[in-house]
Amino acid sequence: PHPLETPSRHPLAPHKGLMGVWNAAPLEEATSAGAHDALLFWPDGTLAETAIASIALETGEELWLPPEEGRVASLAERLDLPEWAGSRKLRIQAFTAEDLHRGCLWCFNAVRGVWPGTLL
């Protein structure tokens, strides 16, 4: 579950650094389980982001991005993703873990760039 519990319309929500350390616990839990990161979801089951990255689901010619409400404002999403996505149509589309079978999960942030997500 996402540590912030519900998507927030609070003006600081997209700037989670201003809301304090929110990602340490899920990142520590993932690391202790042998993973590099934690996939975070809202109480309704929709995926939001990881503890260190924004996410997208590649489904055919579309690249689904979770709704922006409550998740980190991503520099990589705004600056790098449009060029990387190329001819794919970028679409804001809520998706769940069950939707992951439809395509490939991608992770991205301004420091690491874009990489494929692998689920354990």
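How many disulfides does the count come to? The count comes to zero disulfides, where a disulfide is taken as a pair of cysteine sulfur atoms within 2.5 Å. The structure is a predicted model, in which local features need pLDDT of at least 70 and side-chain atom pairs count only at pLDDT 80 or more, while totals for chains, interfaces and linings use all residues. Residues are numbered from 1 along each chain as its sequence is written, and side-chain values use heavy atoms, with hydrogens and water left out.

**View 1. The cysteines Cys104 and Cys107.** A disulfide is a covalent bond between the sulfur atoms of two cysteines. The sulfur of Cys107 lies 9.0 Å from the closest cysteine sulfur, that of Cys104, which is too far for a bond. Cys107 is buried, with a relative accessible area of 6%, whereas Cys104 is partly exposed at 27%; here buried means under 20% relative accessible area, exposed over 50%, and partly exposed in between, with a 1.4 Å probe and protein chains only.

**View 2. The open sheet of five strands.** The strands follow the order β5-β4-β3-β6-β7, with mixed pairing; strands are DSSP runs of E with at least two residues, helices are runs of H or I with at least four, and both are numbered from the N terminus. Two strands pair if DSSP finds at least two bridges between them. Because β5 (89-92) and β7 stand at the edges with a single partner strand each, one side of each is left without a neighbour in the sheet. Strand β3 (residues 54-59) is joined to β6 by five bridges, and the two run antiparallel. Glu58 stands opposite Cys104 in β6.

**View 3. The largest pocket.** This pocket holds about 480 Å³ of space, and a pocket is, on a 1 Å grid over the protein atoms alone, an open set of points where a 1.4 Å probe fits, with protein on both sides within 12 Å along at least five of seven lines. Of the 20 residues that line the largest pocket, which have an atom within 4 Å of a point, the closest to its centre are Ala35, His36, Asp37, Ala38 and Thr118. The elements α1 (24-32), β6 (104-109) and β7 (113-116) each give two or more residues to this lining, and α1 gives the most, with three residues.

**View 4. The second largest pocket.** Its volume is about 180 Å³, a volume being the space filled by probe spheres set on the grid points. Among its 15 lining residues, Ile52, Ala53, Val72, Ser74 and Asn109 are the closest to the centre.
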